[in-house]
Amino acid sequence: MIVYTSADKKALLKRAFRYLIFSAILLLFHAIYSLFAHGVDSIFMKFAFVIPLVLGSILSLLLLLGGEREIESAIRQMSISTLVVGSFLKGVMEIAGNTSSLVSVFFITGIVLFFGWLIFVIIRLIQTNA
Amino acid sequence: MLKAKKMFLVMFVFYMILFSFSSFTMLYEFVIPHGGFYVEDPTTTSTTTTTTPISQTTSGSGTLTDTITTITSTTTTTSTIVYPDQLPTVLSNGTILGTYENDEALITIYQIRASNSDVFVADVVVKDAHTILSGLAYNTFGGTNIVQTVSTMATEHDAIFAVNADYASHYDSGYVIRNGMILRNSTSYRNAIALYENGTVSSFAESSVSINDVLNDGAWQLWSFGPVIIKDGVSVASVNDGLDRDAVNNPRTAFGYVSANHFMFVCVDGRTTQSHGVDIEELSGIMMSLNCVQAYNFDGGGSSTMYFNGEIINHPSEGSERSVSDCVYIRR
């Protein structure tokens, strides 16, 4: 049986805050990059901050209801990191006017990791309710 | 404790792989030359003795192979070239930087001022559209990071005049015809412009035509970058066309068509206090003032480079020439 403690809740709040900071850093980075992009922008770079904000910060707050194990947190973190890197690289390519098939690897990997996290959470919830 | 160590090791390995693959992706897309296939230069000879029709031989049937031999044409003529149209007023008031004339081409380089920018205009009249040639970096098309400066390509091709073109290798798709050969037959969302063997020019949406039909109609060059800025005498350029780069002042290169075998190649300086650059509508205004009835935007920004008689005429915005994948040139 998995016990969800106040320490777990504290860890989740810390994660939520860290992802919020990460989102802010990405916003700042985009603002600085735009200064050198000669007026060209990319939706992928512009909205890269949404990934840690939604999948990181907001999801961490939602998980206060059910908790999150260390391994699940690690998988979620890997997913977010991969998606953010992919979004950033896609943005750099678009601003430069390039196309790259390699960037899709990041998105596919990030999505697979996220679904992996989801499966872990579902299995845990089933075990908890069993 | 052991579990935490394992977790740390897994995360460490993951981030090492992520960093390595990210670095490889950036290097692969921006630094490492790769891909592409070799394209031979067309050979053109000219004498001043007799006049004979152009004979053309092609190898292959427009199918891509590892090595493609382009059209060989032999042109002989004795006539001098007469300027066919009225000189645009804006050029009459401009500064002539240089001229060149032989049996095949009459080139006059002007410098004018427009939209707070220095504008360099190559007023080109040719006897035959085959005089307008395409050069490829290292004679290679379709690769990534296979680039040379316009001046290097011009020197290698013994060009009197050269200007950067549509950087066709930059994209993965889009029609490309160079020196009468199809180099890429995949369609894109872009509008293309074709220079035909009879010296005329037309633009069209790539999705609306087959490249084989375009070639069969006599296309000698086909460029795929855009947008089209003048079509049939009407400006069609808009800063609201959905492309950020078209709405912002930038250095630009453009190709214009005045009448059969009469063309304007334009480079606008930008990103400096001396020259602010132009947006796509201002560029259209410049091409209209040059009496162009068809005009097309080439690759701009740091790529905008005009070469004439051994020198770079304009002022590339990065302080030196940017290496690009292709150029348009006229041989000495």
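## Chain B fold

Among the contacts in chain B between residues at least 6 apart in sequence, 71% join residues at least 24 apart, contact meaning heavy atoms within 4.5 Å. The structure is a predicted model, in which local features need pLDDT of at least 70 and side-chain atom pairs count only at pLDDT 80 or more, while totals for chains, interfaces and linings use all residues. Residues are numbered from 1 along each chain as its sequence is written, and side-chain values use heavy atoms, with hydrogens and water left out.

Chain B has six helices and 23 strands, taken as DSSP runs (helices H or I, at least four residues; strands E, at least two) and numbered from the N terminus. Of its 332 residues, 52% are buried, where buried means under 20% relative accessible area, exposed over 50%, and partly exposed in between (1.4 Å probe, protein chains only).

## Interface between the chains

Contacts link 21 residues of chain B with 25 residues of chain A. The area buried between the two chains is about 2000 Å², 70% of it from carbon and sulfur atoms; buried area is the accessible area (1.4 Å probe) that two parts lose on being put together, summed over both. On the side of chain B that touches chain A, α1 (2–30) and α5 (244–247) each supply at least two residues, and α1(B) gives the most, with 13 residues.

## An exposed leucine in chain A

A:Leu62 lies in helix α3 of chain A, and A:Leu62 counts as exposed because its relative accessibility is 52%.

Methods. Chains are lettered from A and ligands numbered from 1 in the order in which they are written.
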